[in-house]
Amino acid sequence: MPITIELGLRIRAIRKSRNLSQEQLAELCNLHPTYIGQLERGEKNATLESICKISNAFHMSLEKLFEGIEIKESDYNNEALRIYHQIIALSTEKQQTVCSLFQILLNFVEGH
């Protein structure tokens, strides 16, 4: 199963276990409810920023959010996989810092 679908199912399961609607989760994450639905259905690839926002809304680490999801090397290039493994090895606080820095970097790159 593609990771977009696995992650979407995981997000939906956690959201439902916490009795949150898609709209409520979207508000907590500062994301659009339509985007949350697309993620849950595996229709969109989640950005690192949105994954960080969702894990923060659930008050869980990225590692916990991805728990039980098998990431196949064939799904991603080696650089993305290497970065992912480095991030999940960090504490929740450090993961949040990396996510913030990554967003700053993305804004800079997209602006140039």
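Predicted model: local features only at pLDDT ≥ 70, side-chain atom pairs only at ≥ 80, totals over all residues.
Reader: How many residues does helix H7 have, and what does it span?

Author: H7 covers residues 92–111, which is 20 residues. From first C-alpha to last it reaches 29 Å, close to the 28 Å expected at 1.5 Å a residue.

Reader: Which residues of H7 are buried?

Author: Gln95, Cys99 and Gln103 are. They sit on the same side of H7, because they cover an arc of only 85° around the axis.

Reader: And what's exposed on the other side of H7?

Author: Glu93, Lys94, Leu101, Ile104, Phe108 and Gly111 are exposed there.

Reader: New topic. How many residues are in the largest nonpolar core?

Author: That core has 25 residues. Among those with the most contacts inside it are Leu7, Ile11, Phe58 and Phe66.

Reader: Which elements give two or more residues to it?

Author: Helices H1, H2, H3, H4, H5 and H6 do.

Reader: Why would nonpolar side chains end up together?

Author: In soluble globular proteins, they tend to be buried together.

Reader: OK, cavities. How many are there of 30 Å³ or more?

Author: One. The largest cavity holds about 40 Å³ of space.

Reader: Which helix gives the most to its lining?

Author: H7, with four residues. H4 and H7 each supply at least two. The lining includes Cys52, Ser55, Gln95 and Cys99. Gln95 and Cys99 are also among the buried residues of H7.

Reader: What classes of residue line the largest cavity?

Author: Four are nonpolar and six are polar. None is charged.

How values were computed: Residues numbered from 1 in each chain as written. Heavy atoms only, no water. Expected span 1.5 Å × (residues − 1). Buried < 20%, exposed > 50% of the residue type's maximum accessible area, 1.4 Å probe, protein only. Arc of directions from axis to C-beta. Core = buried A, V, L, I, M, F, W, Y, C linked by side-chain atoms within 4.5 Å. 1 Å grid on protein atoms, 1.4 Å probe; cavity = no way out; pocket = protein on both sides within 12 Å on 5 of 7 lines; lining within 4 Å. Points joined across faces, edges and corners; volume = space filled by probe spheres on them. Nonpolar A, V, L, I, M, F, W, Y, C, P; charged D, E, K, R; others polar.
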